[in-house]
Amino acid sequence: MVHPDNILSKLASLVDVSASIDEAVANVVDVGGDFTSKHDFDDRESMLTWIRQKSIDLGFGVVIGRSDNGTARRNPIVTMLCEKSGKYNPPLKKFKKGDTGTRNYECPFKIRCYMLASKKWRSSVICALHNHDLCAKLQGHPMACRLNPVEKVSIKDMSLNFVQPKNILATLKRKEPVNISNIRQVYNQRYRNNKAIRGDRNEMQQLLKMLDDNKYISRYRNCDDEVTVRDIFWIHPDSIKLFNTFSTVLLIDSTYKTNKYRLPLFEMVGVTSTEKTFVVGFPWGGDYAPVSHWMRFPDMGHLIADI
């Protein structure tokens with residue numbers, strides 16, 4: 001049970017609402033009995049994992065509101081709050097539409113976790129009330145959809161084997177049926193992995209490095225500042241041999257401004273005598289976005305012949 005002193009005054013009136021009122025002011029849900037642990041935990045992470053799993057089973061997410069590692073005179077403590085806690089503070093300048101909502105409902109739910117003198121961890125419920133309805137499914141909740149360390153390693157391994165993101169997500173859900181992660185978490189984790197591999201290099205430096213490591217032939221031009229890359233063209237030596245042998249049919253296509261640099265990617269594809277396609281080369285960038293034929297690019301058009 002929750003001590004009466006721990007119940008917020010503004011929620012006390014909601015608990016004692018008269019039965020004659022047709023519509024309640026707010027929904028109050030008490031989950032204090034579900035977080036009563038009869039044993040202590042060996043470490044901090046095991047206790048937090050237990051609290052997170054309990055909250056997911058009940059239909060809400062929790063976040064760490066305060067974490068204190070303690071001092072020589074004070075043991076470490078951790079405060080867990082509902083993900084709908086806090087109050088939304090609108091910005092001085094409004095950059096979004098007025099009909100958008102917020103996750104913050106000033107939910108008073110709070111659990112205090114502390115370390116005992118025996119180095120074990122214990123949790124106590126400060127306030128077990130929610131001023132909002134609990135969800136039957138936590139699809140889309142950032143805390144509940146978060147990936148665990150094992151899933152992050154699996155995404156990294158499958159990404160190195162060129163597995164598509166949708167197949168990665170299907171594999172994770174097949175291994176763990178209770179997984180409610182979505183495709184956005186997979187893309188975000190892939191981006192973090194690529195950023196860790198790239199290190200201090202930017203995207204263009206990483207591209208040039210990968211082209212050099214994989215024995216591609218590349219040419220690029222800089223802008224007037226001699227730093228910014230204006231355009232780049234790369235081709236594999238095997239593609240040169242195939243193009244010299246099967247140069248009768250050449251398919252060309254350009255995608256306009258489909259990347260964060262807002263630059264076009266031009267693709268050239270050849271066809272063999274057995275009706276199999278192969279990639280000839282990729283020009284990317286430049287000031288020739290609306291041009292539909294690669295031969296109208298003087299510098300890029302003669303590059304294959306020069307190679």
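Predicted model: local features only at pLDDT ≥ 70, side-chain atom pairs only at ≥ 80, totals over all residues.

Let's start at Ser37. Ser37 sits in the loop between strand E1 (29-30) and helix H2 (44-58). From Ser37 to Met47 is 10 residues in sequence and 9.9 Å in space, C-alpha to C-alpha.

Now the salt bridges. Side chains of opposite charge can pair when their charged atoms come close. How many salt bridges are there? The count is eight.

Take Asp40 and Arg122. Their side chains form a salt bridge, 2.9 Å from N to O. This pair links distant parts of the chain. Asp40 is in the loop between E1 and H2, Arg122 is in strand E5 (residues 121-127), and they are 82 residues apart. Asp40 is partly exposed at 26% relative accessibility. Arg122 is partly exposed too, at 35%.

Next, Arg221 and Asp231. Here the closest N and O atoms are 2.3 Å apart. Asp231 is buried, at 0% relative accessibility. Arg221 is partly exposed, at 25%.

Last stop, Arg66. Its side chain meets that of Asp68 in a salt bridge, 3.7 Å from N to O. Arg66 is partly exposed at 47%, whereas Asp68 is buried at 16%. Which residues make up the network here? Arg66, Asp68 and Arg74, linked by salt bridges.

Definitions and conventions
Residues numbered from 1 in each chain as written. Heavy atoms only, no water. Helix = DSSP H or I, 4+ residues; strand = E, 2+ residues; numbered from the N terminus. Salt bridge = Lys/Arg side-chain N within 4 Å of Asp/Glu carboxyl O. Buried < 20%, exposed > 50% of the residue type's maximum accessible area, 1.4 Å probe, protein only.
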